[in-house]
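Student: I have a structure open and want to learn how to read it. Please take me through it feature by feature.

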Amino acid sequence: MNSSVKYLESFFYLKSVLLTLKYIVYIHPMKNLILLLNFILMPFLLLASDHLSGKPRILVFSKTAGFRHSSIPNGKAAILKLGKEHGFEVDTTENASYFNEASLKKYAAVIFLQTTGNILNNDQKAAFEKYIKAGGGFAGIHAATDTEYEWPWYGKLVGAYFVSHPAQQEATLNVVERSHISTKNLPAVWKRKDEWYNFRNLDSTLKVLITIDEKSYQGGINGAIHPMAWYHEYDGGRAWYTELGHTEESYTDQKYLGHLLGGIQYAIGGTRKIN
Ligand SMILES: [Zn+2]
């Protein structure tokens, strides 16, 4: 928060310097000299303001109104570390009042980390919808599909709703799309142990990244194509979801962390939103 305020202050300072220069140019008799100075200074000012636009900032939201995963602290710590290593700022919160228009504008992406149940009120939902419509990014992790069942817009954003899961066990994942930023470093066939969700309301337009082979474990009910990670453009914004990440161990697994990093980077997108 402090650093973004600092950035904003510096930005406004630079803006006022530029405005003053322009003002002098219009009223000062030594127009040409001032124009020349302005011309010389401009590249430095532009460079400085580009620098001051800073790193993209993300909001990691882990409020729970239902089941609470013990891996939430592991997830927060892992994303903070990814931010430090890969050039994005991370705010973590369980406070839904962050979901207002002015606050959300600061974030290039919002991450729902193991959220559960109904966690936003109507005003907060409206602010989040507006944020996505304005080109915002979303990434959902594991229980993000066990969240806000009575908010159809959210269901479509995250891509599906959780139905049930069997006991944790090893299974075979097929990484069916390996050109995406979140899967490019994964093996085509990935065996791992986790808690595997069954889904309902799976959106048929999702771009599926990973499926699970239901023959490789007990308790899958989605059939031949059982998506486990996906992305899509939705209502003006970007959304990415991974089912993976129930276990605490996930958040020190380099393959999983690379997958998560890519999902966050997809959600951040190419444009850096600075208020
Ligand atoms: Zn779980």
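This is a predicted model: local features need pLDDT of at least 70, side-chain atom pairs count only at pLDDT 80 or more; totals for chains, interfaces and linings use all residues.

Student: How many helices and strands does the chain have?

Tutor: Start with the naming. Helices (H or I, at least four residues) and strands (E, at least two) are DSSP runs, numbered from the N terminus. Here the chain has 7 helices and 11 strands.

Student: What share of the residues is buried?

Tutor: Count neighbours. A residue is buried if 20 or more other C-beta atoms lie within 10 Å of its own, exposed if 12 or fewer, and partly exposed in between, with C-beta atoms placed from the backbone. In this chain of 275 residues, 37% are buried.

Student: What about contacts along the chain?

Tutor: Two residues are in contact if their C-beta atoms, placed from the backbone, lie within 7 Å. Take the contacts between residues at least 6 apart in sequence: 76% of them join residues at least 24 apart.

Student: In what order do the strands of the open sheet come?

Tutor: Pairing comes before order. Two strands pair if DSSP finds at least two bridges between them. The open sheet has 9 strands in the order S2-S1-S3-S4-S11-S10-S9-S6-S7, and its pairing is mixed. Its edge strands are S2 (89-93) and S7, each pairing on one side only.

Student: Which way do S4 and S11 run, parallel or antiparallel?

Tutor: S4 and S11 run parallel, joined by 5 bridges. Phe-138 stands opposite Ala-239 in S11. By contrast, S6 (residues 169-175) and S7 (residues 189-194) run antiparallel, with 6 bridges. There, Thr-172 stands opposite Lys-191 in S7. S6 also runs antiparallel to S9 (residues 207-212), through 3 bridges. Val-175 has Ile-210 in S9 as its bridge partner.

Student: How do I check the length of a helix?

Tutor: The expected span is 1.5 Å times one less than the number of residues. Helix H5 (residues 122-133) has 12 residues and reaches 16 Å from its first C-alpha to its last, close to the expected 16 Å.

Student: Which residues of H5 are buried?

Tutor: Phe-128, Tyr-131 and Ile-132 are buried in H5. They lie on the same side of H5 because they cover an arc of only 95 degrees around the axis; the arc is that of the directions from the helix axis to the C-beta atoms. On the other side, Asn-122 and Lys-133 are exposed. The cover over the buried residues includes helix H4 (101-104), helix H6 (152-158) and strand S10 (227-234).

Student: How many residues of H7 are buried?

Tutor: In H7, 11 of its 15 residues are buried, so this helix is mostly covered. Elements covering them include S1, helix H3 (72-86) and S3. H7 lies across S1 (57-61), S3 (109-113), S4, S10 and S11, at about 165 degrees to S11. Axes are lines fitted to C-alpha atoms, for helices over the stretch in contact, and angles run from 0 to 180 degrees between N-to-C directions.

Student: Why is Ile-264 counted as buried?

Tutor: Ile-264 is buried because 26 other C-beta atoms lie within 10 Å. Ile-264 sits in helix H7. Beyond four places in sequence, Ile-264 contacts Ile-58, Leu-82, Ala-109, Ile-111 and Ala-139.

Student: What is a nonpolar core?

Tutor: It is a set of buried Ala, Val, Leu, Ile, Met, Phe, Trp, Tyr and Cys residues joined through C-beta atoms within 7 Å. The largest one here has 58 residues, and Ile-264 and Ala-267 are among those touching the most other members. Helix H7 (residues 254-268) gives the largest share, 7 residues.

Student: What should I look for in the loops?

Tutor: Check phi. Most residues other than glycine have a negative phi. Asp-235 has a positive phi, near 50 degrees, and lies in the loop between S10 and S11. Asn-201 lies between S8 (198-200) and S9.

Terms used. Residues are numbered from 1 along each chain as its sequence is written.
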